[in-house]
Amino acid sequence: MLRDDIAAIAAAHGAQPMAVLPDGTLSYAQAWNAAQSLAEALRERGAGEGTVLAACCENGTALLTTWLASIAMGAVFLPVNGLLRGGALERVLHQSGARFAVCDAHRHDELAVAREQLPELRDVIVHGMRPVGRELDLGAILERRAVGPGPALTDDDTLPAKLMYTSGSTGVPKGVLWSRRFEAAWARAYARELVVLEPGQSAYTCLPMTHVTCQGTVIASVLNGGTAHVDARFEPFSFWPRVREADARVFTFVGTILATLVRRTPRPDDL
């Protein structure tokens, strides 16, 4: 089970950086402790295995923590494309049956509006501001350390683990449900065949963590005991300096990134 793999790796690599993110760095111990704290708080509010947990966040600690918390408690992780707004956002949250959502502060207002049309969305947890009204504060949740690893998960790898939506470039976004078996096989294949690192080595990505390639980069780095460097976005003229700063052995990409880098004016230090 993927949860057991991550727990063992977190214990083995405790103080080593798991992820260097735009809003901070999380060690393996910090990341897994945060995930368990969020999972425990959600269980106290009625969440459990199979509960859909949405993340309306940009690349950062809140998004990674929400993903790992979903793995820790057997919830269904729903990373929401940051480009979705208004009716499109409401449609995804309604269709998915999301009961809980974590959002960055700058998305709080739009999620509050969407929530009025989403009676099934029970709680919104806000990162980066002291919430008002019904919202919960992610920072306060994470300050309270989890008392334990949580209950054992059902031994059934056909249960759902993740709900990924297509981009919507050719129509209404469509949800693709991943089983635990599929997520574990995908993660291990990434670690074994695509983002191959030795413990302590780094990988770099500037793709959104709502995208499967960025997620694959992060989880492969974790399973290999490496460090994932995740930037906020692609910046053509800072790309190679950021790769160097990360001391990255590998970076992942989509085709448009390579096409842009090829067209960019060469610099003496490109190699």
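Trainee: Ala, Val, Leu, Ile, Met, Phe, Trp, Tyr, Cys and Pro count as nonpolar, Asp, Glu, Lys and Arg as charged, and the others, Gly among them, as polar. How do the residues of the lining of the largest pocket divide?

Mentor: Into 18 nonpolar, eight polar and four charged. Bear in mind that this is a predicted model: local features need pLDDT of at least 70 and side-chain atom pairs 80 or more, while totals for chains, interfaces and linings use all residues. Numbering starts from 1 along each chain as its sequence is written, and side-chain values use heavy atoms, without hydrogens or water.

Trainee: What volume does the largest pocket have?

Mentor: About 630 Å³. A pocket here is an open set of points on a 1 Å grid where a 1.4 Å probe fits, with protein on both sides within 12 Å along at least five of seven lines; lining residues have an atom within 4 Å of a point. The volume is the space filled by probe spheres set on those points.

Trainee: New topic. Which residues touch the most other members in the largest nonpolar core?

Mentor: L64, W67 and L68, in a core of 65 residues. α3 contributes the largest share, nine residues. Such a core joins buried Ala, Val, Leu, Ile, Met, Phe, Trp, Tyr and Cys through side-chain atoms within 4.5 Å.

Trainee: What does L68 touch?

Mentor: I6, M18, A31, W32 and A35, leaving out residues up to four places away in sequence. Contact means heavy atoms within 4.5 Å. Another core of 21 residues lies apart from the largest one, with C56, V92, V124 and L163 among its members.

Trainee: How many salt bridges are in the whole structure?

Mentor: The search finds 13. The criterion is a Lys or Arg side-chain nitrogen within 4 Å of an Asp or Glu carboxyl oxygen. R144 and E40 make one of them, at 3.8 Å, N to O. R144 sits in the loop between α6 and β8 and E40 in helix α2, so the pair ties together parts 104 residues apart in sequence. E40, E44 and R144 are linked in a network of salt bridges.

Trainee: Is E40 buried or exposed?

Mentor: Buried, at 11% relative accessibility. R144 is partly exposed, at 37%. Buried means under 20% relative accessible area and exposed over 50%, with partly exposed in between (1.4 Å probe, protein chains only).

Trainee: What about E110 and R85?

Mentor: Their side chains meet in a salt bridge at 3.5 Å, N to O. E110 lies in helix α5 (residues 108-115) and R85 in the loop between β4 and α4 (86-96), so parts 25 residues apart in sequence are tied together. E110 is partly exposed at 22%, and R85 is partly exposed at 43%.

Trainee: Which residue does E183 pair with?

Mentor: K162, with the closest N and O atoms 3.4 Å apart. E183 is in helix α7 (residues 180-194) and K162 in strand β8, so this pair ties together parts 21 residues apart in sequence. Both E183 and K162 are buried.

Technical notes: Helices (H or I, at least four residues) and strands (E, at least two) are DSSP runs, numbered from the N terminus.
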